[in-house]
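Dear colleague,

I am handing over the structure that we spoke about, and below it I have written out what was found. Please read it with the structure open beside you.

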Amino acid sequence: MLRRRLNRLCGGDEKRVDSRTIYVGHRPCPDTEAFIPSKFCDNRIVSSKYTVWNFLPKNLFEQFRRIANFYFLIIFLVQVIVDTPTSPVTSGLPLFFVITVTAIKQGYEDCLRHKADNEVNKYLVTVLEDGRSVKKESEKIKVGDVVEVVEDETFPCDLILLQSSREDGTCFVTTASLDGESNHKTHYTVPDTEKDLQALTATIECEQPQPDLYKFVGRMHIYKPEQEPAVRSLGPENLLLKGATLKNTKKIYGVAVYTGMETKMALNYQGKSQKRSAVEKSINAFLLVYLCILISKAVVCTTLKYVWQSKEGQDEPWYNQKTQKEKDTNMYLKMFTDFLSFMVLFNFIIPVSMYVTVEMQKFLGSFFITWDKDFFDPEIQEGALVNTSDLNEELGQVEYVFTDKTGTLTQNNMEFIECCIDGFQYKHRDTWSEVDGFTVTDGPVNKLQQKAGQEKEELFLRALCLCHTVQVKEAGSEEVLTDQVDGIDEMRPQLEEERGFIASSPDEIALVKGAMKYGFTFLGLESKSMKIKNRENNIEEYKLLHVLNFDPVRRRMSVIVQTKSGETLLFCKGADSSIFPRVKPEEVDRIRMHVERNATEGYRTLCVAFKQLSAEEYAVADTGLREARLALQDREEKLIAVYNQVETGMSLIGATAVEDRLQEEAAETMEALQGAGMKVWVLTGDKMETAKSTCYACRLFQRGTELLELTLRTLEDERLKREEKLRELLQEYHRKAVQDAPPVKAGVTRSWSTANQDYGFIIDGATLSIVMNPQHEVDASQYKSLFLQICQNCTAVLCCRMAPLQKAQIVKMVKTSKGSPITLSIGDGANDVSMILEAHVGIGIKGKEGRQAVRNSDYAIPKLKHLKKLLLAHGHLYYVRIAHLVQYFFYKNLCFILPQFLYQFFCGYSQQPLYDAAYLTMYNICFTSMPILAYSLLEQHISIEILLDNATLYREIANNAMLRWRPFLYWTLLGIFQGLLFFFGVRFLFSNPALQDNGQVFGNWSYGTIVFTVLVFTVTLKLALDTRHWTWINHFVIWGSLAFYVFFSFFWGGIIWPFLKQQRLYFVFANMLSSVSAWLVIIILIILSLLPEILLVVLRKPRGPHSRQMAAVTPLSYKHLKERY
Amino acid sequence: MFVALHSDLSSFGFFSIVYFIYEIEVHTVSLSFLSEDIRMKNEGEASEQPDNTAFTQQQLPAWQPILSAGIVIPGFLIIGLAFLGIGIGLFLTSQTIQVLEMDYTGVEKDSPCFQCTMQSVQNCTCEVTFSLSALFTGPVFFYYGLSNYFQNFRKYGVSKDYYQLTGDTQYFKSPRDVCFPYSHDSKNNPIVPCGAIANSMFNDTFELYQIINGTKKKVPLDGKGISWWTDFNIKYRNPSSVNGSFASAFDGTVKPINWPKAAYELDLTDPNNNGFLNQDFLVWMRRAALPQFRKLYRRITEGDYAGGLPAGNYSLTVHYNYPVLSFDGRKKLVFSNVSWMGGKNDFLGIAYLVVGSLCVVMSVVMLIVYAKFKFSDDDDA
């Protein structure tokens, strides 16, 4: 929050001026107005929460905002001020300790944050100043500084690339820590900047900072002496983002445009706020109920006290006269103090111990996650990590799962799986050795006897080798000759040559490698000529004439090359939908089947086509392209028009299938999650095609799933504006998915029920931003609700091309939607951090992309597959345990305090405690705490194996089922029933207090002790009844606590305690046990209290909820990916 | 096996130590700082492979009881029958206990003690007569009962000085504040024993006579053993005598305002029943739980009456000192004998009978329910 405010402060002029002017190197420009160095915020990153000055008040304020702390503070104050039955020390000391320890801890943490900030802020960077390189602390970088960054360094702020050590004025950057895309991206220097940066006089005009990573608009005015100032437009390709890393480029110079909290990274970073679980909210709600009970009890007692006292003789009998002071006190004041005294007397109904026990349970319980050996990944030698134990039970409540794709669902590890040449399938089967055997003489790789002609084969492979924008990594630039995307270097020893490839898309690499497997090796691009080594180890050279770039709308790319022999060839590859219309229909039929099959298996499919260009055709295309490239206006449209014109009449030669390797058991995990009633949304920064195929592979989309697409592509409509089209589509989809869909019956398992049409929804970032921020404010809520409703009725939702903040927005939107469902985000990269922070539960995967996600997550697991056990087993159990813990705690304190309340009616409303002080204090701490703690740690009402096998069991506890008002009411009624029973049972017994066979009578402490004994036994046995999983620990603590109670009572009553001012319990317990009547009443009250419970358990059994679901086995329709080989 | 067991134990050891530490600070632990601790801890040991023990993997061998019909129905039946048995026993026992209860407050004009309720009358005595038609089997216990009398007032209850009552003469001079306003008399002399409880000690006394042929034969009342053994022998102590005189231990103090005589004069006949160890005093000091209570006054165990009170007419002389009408209280006399379960109390017997029959009925109902379901779900238990 503070950060947000800071942002607003920093970018304070955002509203007023929508662009900023930056003077490169702070050099004034000749012709413009006087040089005014404008104020921008410095490059300091602030993540700390407190300063030395505001620590104490702010921290105290935050601590007392917790309802429990506040309550105990009030109780403490009451005890200090008013003469109460218990001493103020009993509540003051603990409270003080709690507050102090928390403050120290939070102070320490903030110290660490300060330190971390300093580390970033004091990092030395090289800045060019007046021709010299000066080392400066990172925080001192100002907007306009020219900064030098060398290879593998991260950019200290957002820079406009001015100069690169690479000849072609490009540099490579990986933005893994920003958006999770680990491939290398090419950025370009601003054209026409001087070699000598010192001589460069320029201003940059650009928009004010905004969080969208992919958007940047600016202009650069370059002033040269005696020349018209040149204007160059700046786009995202010129902008180097803070947090990204320079790769494969020795060094670059750039001018800082956004600094500190205004960088796109900082704007995308959301503060880590305290997350509270739904259980905690329930606790607070129950707490309020109990607070009301408490207050009403106190009010009732106070009122009755005064009513009762008004009767003559009752107020001040001669045997109990008041002091003068008491007589003089104002009546209303007396009433008030009486009220407060009652509050203190009954305040045990809300015990500190519950909070402590809950905290304990979470703390100790979370060890089971860390300890779980199923979460241990031998590869990284790590198990699960629990960053906060506050949310354990939330794992059992998840309704929406937001998952990142790259690195989470997939390994981001592209692999060439098969190709189809001229309708024949070429499957790369097993080992690499077989690949080597793929020669003309050996025939095709697959065992099918049919194969395409050799010519076709070679043409296809050449196409793969040529039609791409892959670069070969310069030898020697890095020791490890692997590309950054692919980590399978150990698989390539058989290859004669190891080489690393760099490409903007990992599947291009996979294709080039695929071609390599079949004998065609791409050697590199040198001065516009591409070299290929063919099967006969001959080098073929092709002159690269044009690259028709890939774009998401066209969804294809082409190259035009010229062979040695002078032929001009066009190779085109792209999505089937964009290729098929451009090739001969008869060719399509042969390949379509393969493509569709591959697509539904979750591979990314690309079709490859080619066309031979005659000299005339080429000439036309060439001029067209050149003209379009130079066009100043509508360049994009013109280019596309030419592309479309060139890419026609091609012939289809084949298709490829590339697998984006899924994480282990990704599909099973997703299926289990869906089976458990969770809705899975994939949020990715990746392209739609890629993401879609992953969804298919993960079985999120299935063959029968009807996809509702809401992307820029579908919004392209001749007739309508985007927004109108959007509205139209939204309404159409809504009709389909929401209105026409039959009402979903609760508990009906989906996905394999064929009766219902499944819908999958796809939206991209740009469209989403229109949905979220339409031009007319009025539409916003309508769009949003339509969108949400559609999404909620879809089995899976895919959001692609998302900026990190958009991911968080989506999460937030769902989180705040009706019913406020519990959301879970899982991701591995820095781009997922914002959604991890936004969701109720954030899970980090200990992936390859750094530790940012793990650091910001609540739980970190090594692999996606671990999510299943984490949610279905751990989450479920934690939820059941803590829910039971909470209910039980309220219950046991209700029946603890209710007799004390009832006793007021029999003691003249004099706040006489029923139980001895020792019992009052020890009840929650010793006598009844251990069994419930053991229960809440060890209980497995359903064994872990069954939970894992039957995902549907998870639905049983959905929607906070065990902490709703109904179960709460049940527990409360149970507590009231038992409390009444305890009190009145003993009350009737005491109608004749001569309970011993020697005729002696029992006094008030005996009364309290009998009630208390019944109470302790009943609540402990009640828990024993609820325990379904008796380990030796349970036995030990349950029977141990009871034994301890008996032992303690003997001990406490058996000794004259020198430090006590009254020995009121002396031998009370022993005397009680010497009375047969006391024994009998204790036994009957315990049995009678538990009777309804036993009855309920038994009578519910025949139609028990478990027996039915146990039988329902989740049909795992999906076979393991590995088995395909 | 041994190793596994050992590590199992050690992990539990850790668990219990954590809990133990926690327990000590149970009030002191913050609501959230623990969670942060784990983080630090976990990051430190993240690279270690987790222990593969039954405990850490939540695979401890466990007994999973399920309340199936096969257990519950016979269980209910057995409990029900047992309770019925106990209930019958209790009820019959309770029926055999004889109780004779007489209100002698004197509210009614024609009641014998009416004249004593006048405030003007000092040292009032009245006579209550009753007759027994049959033998009142002994030992007979003689209780007095008070109602609408709140010995369980909080302020009343704390209004005593335990140190005084253990004979600590230091506290004779300066009674604890809790005794206020019964700690000093109007001349600011310390009161021993101080406090409201002591001050309000029941001081009606009774003499019981059997009227045989018009002559009164005194029934000996045994005042020993009416208070708790521990109260008499351990909890309360008299101050040690000063110069051989018990009374001088109380020098410089005054008797409680309402008392006719000082503590050291409570029973001059028996030094063992004097001072704070006076049985009546001890009985009074054990506060009653409810506003309507009875306290043991005497036992009839001696002489001709050891076997009980024979049928006949009796006269009870009441030295009426204790005012209760100001707060609408009542005073009662109760003669009762006791059984192994104490005094007469029908509640317990009835409760056992009701619960017992309830159990039996429920087991029958369950049997019917289950017979209908043909125990179909028994096997999944």
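B:Val354 counts as partly exposed because its relative accessibility is 45%, where buried means under 20% relative accessible area, exposed means over 50% and partly exposed lies in between, with a 1.4 Å probe and protein chains only. B:Val354 belongs to helix H10 (residues 346-373) of chain B, helices (H or I, at least four residues) and strands (E, at least two) being DSSP runs numbered from the N terminus. Although B:Val354 and B:Leu84 are 270 residues apart in sequence, their C-alpha atoms are 7.9 Å apart in space.

Before you go further, please note that this is a predicted model, in which local features need pLDDT of at least 70 and side-chain atom pairs count only at pLDDT 80 or more, while totals for chains, interfaces and linings use all residues. Residues are numbered from 1 along each chain as its sequence is written, chains are lettered from A and ligands numbered from 1 in the order in which they are written, and side-chain values use heavy atoms, with hydrogens and water left out.

Turning to chain A, there are 37 helices and 33 strands, and buried residues make up 61% of its 1125 residues. Among the contacts in chain A (heavy atoms within 4.5 Å) with a separation of 6 or more, 74% are between residues 24 or more positions apart.

The contact between the chains takes 131 residues from chain A and 109 residues from chain B. On the chain A side, the largest share, 14 residues, comes from helix H36 (residues 1076-1100). Together the two chains bury about 11300 Å², 64% of it on carbon and sulfur atoms, where buried area is the accessible area (1.4 Å probe) that two parts lose on being put together, summed over both. Between chain A and chain B there are 28 residue pairs in polar contact, both residues at pLDDT 80 or more; a polar contact is a pair of N or O atoms within 3.5 Å, and within protein one must be able to donate a hydrogen and the other to accept it, while residues adjacent in sequence count only if both atoms are side-chain atoms.

One residue that touches both chains is A:His1029, whose neighbours include A:Leu938, A:Glu939, B:Leu60 and B:Trp63. A:His1029 lies in the loop between helix H33 (1004-1026) and helix H34 (1032-1054) of chain A, and it is buried because its relative accessible area is 6%. The side chains of A:His1029 and B:Gln64 are joined by a polar contact of 3.2 Å.

With best wishes

Key: Lists of a residue's contacts leave out its neighbours within four places in sequence.
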